[in-house]
Amino acid sequence: MVSTLSGVSASEKIDQIPDILDRHKQFFATGITKDVNFRIDQLKRLKEVIMEHETDIYDALKKDLNKSPFTSFMTEIAMVLGEIDLFISKLKKWSKPKKVRTGMVNFKANSKVYYDPYGTVLVIAPWNYPFQLTMSPLAGAIAAGNCVVVKPSEIAPATSAVMTKIIQENFVEDYISVFEGGVPVSQALLEQRFDYIFYTGSTHVGRIVYQAAAKHLTPVTLELGGKSPCIVDEDIQLNFTAKRIIWGKLLNAGQTCVAPDYILVNRKVKDALLKRMTEVIEEFYGTDPSLSDEYCKIINERHFMRLSAYIDGADIAYGGDRDMDRLYIGPTILDNVKGDDPVMQDEIFGPILPILTYDHIEEAISFVNEREKPLALYVFSKDKQIAKKVLKETSSGGACVNDTIMHLASEDLPFGGVGASGIGAYHGKHSFTTFSHQKAVLNKSTRIDVPLRYVPYKVSLAAFKQMAKFIR
Ligand code: NAD
């Protein structure tokens, strides 16, 4: 039996779920979370305790993924603190009912959009950026005035423990509760009726979450995965292209939802790109990345074996070295890959970069469109028309032109998938609207009443049709 930080076993905690949810309901019903000042205070507290525990968070991420403090700060803590700061500074403005136009059809009235918290939100998180992908939705849910149940990933246990400590020691359980543990805990939570579910993880489990939510008609955000293509045209800035692709692929050893999964490169520049990418790998991580403090490990044996199978028997253009004891897989580039190779079937989620070639941009576009809609798409070209064509003729959750990954670091851009890569989006103001129900409110005058709508109708249908053109 696995003990959680609070000394309560996962199965004991499962038994407590209905009671804790009931307490969330009562806490929400007090209306306290609807007070914007309360939310701002909670966000300030969250920021403060994250900063107090900065070293513990670094230690945990080192243990779980061999992340260096620099990478941990850049990709996990800074993103969460940035979101919290934005919420604190904008919340008063965002949460005010927003006046919108009222058409003549509603003369005389005013119309506003109210931002209502849903109630109790369930946040289920993955292991790859275990801190950011738990705390960032948590901050968004707090900003919008919800109670929150947090389910961190059991696959990153050290980070799960630190986050549990931070939450349990600083927030009343009736407001924010944490359930550590694996699939049984997640399943037990999903049986309950939540007011909103925010799930980040694989597309496979996303389907399970969606089905569970459907039973209660619970709205969801599903932040899923997929194979994000990286299209490289012949007309590129070679050095920046190689650097930005390799950085995006090898960040967190490729265990990034928006990592460029594979390269589709114009045949004319393939050799030059391959050569420059291999040089860049060594400039970034040295000739033996296993010695680099900045190179992450594979999360566990299961994923090590899964990734290893992609390398065995493949045409290795670079790397391929592995060490099971240290869960190390070196940066690996695979050449002459075909669309039906095993490595092209599922999201790779590791430091393996397959290269496929095309002769005309239409082939690359068709290749992408024949597959599930990806979470991200990257196109490298100095030719604006090529980039425009790719963006126009493909569908993906998000995209970068001449970069990888960085679109998710922009707080003004909604981050999310489309089709099999997800439903909904968040980050910045989009987090606030995601965790708020946008209630449409019409407020009608009690002094004037236009009788036109009442039966028996006073005008003919023909006359009404003429009037309808103007009453909008
Ligand atoms: P996962 O789907 O295996 O697990 C995610 C969470 O779901 C965990 O908390 C886990 O305990 C829970 N879970 C697992 N199986 C479950 C089940 N049968 N029923 C209920 N809950 C279950 O995902 P993962 O391996 O942690 O993460 C990797 C995947 O997540 C990749 O596909 C990656 O692309 C995706 N991802 C997406 C984003 C994004 O923002 N779109 C971010 C990070 C990761």
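How much area do domain 1 and domain 2 bury between them, and what percentage of it is on carbon and sulfur atoms? In this model, which is predicted, the two domains bury about 1,900 Å² between them, and 57% of that area lies on carbon and sulfur atoms.

Let me go back a step and say where these domains are. The domain assignment gives domain 1 as residues 10–224 together with 425–436, and domain 2 as residues 229–414. Taken over C-alpha atoms, their centres are separated by 31 Å, and the contact takes 26 residues from domain 1 and 22 residues from domain 2.

Now to the ligand, whose shell draws at least three residues from each of domain 1 and domain 2. There are 28 residues around the ligand, and those that come nearest are Ala125, Ser186, Tyr199, Leu224 and Glu347. By class, the shell has 16 nonpolar, eight polar and four charged residues. If you look for the elements behind it, α7 (183–191), β6 (196–200) and α8 (203–215) each supply at least two residues, with the largest share, four residues, coming from α7.

A polar atom in the side chain of Ser186 lies 2.7 Å from a nitrogen atom of the ligand, while an N or O atom in the side chain of Tyr199 is 2.4 Å from an oxygen atom of the ligand. Gly201 takes part through its backbone, where an N or O atom lies 3.2 Å from a ligand oxygen atom. As for the ligand's surface, on its own the ligand has 840 Å² of accessible area, and the protein covers 91% of it.

Key:
Residues numbered from 1 in each chain as written. Predicted model: local features only at pLDDT ≥ 70, side-chain atom pairs only at ≥ 80, totals over all residues. Heavy atoms only, no water. Near = heavy atom within 4 Å. Polar contact = N/O pair within 3.5 Å; in protein donor to acceptor, adjacent residues only side chain to side chain. Areas by Shrake-Rupley, 256 points an atom, 1.4 Å probe, with all protein chains shown as cover. Nonpolar A, V, L, I, M, F, W, Y, C, P; charged D, E, K, R; others polar. Domains from an automatic or database assignment. Contact = heavy atoms within 4.5 Å. Buried area = accessible area lost by both parts, 1.4 Å probe.
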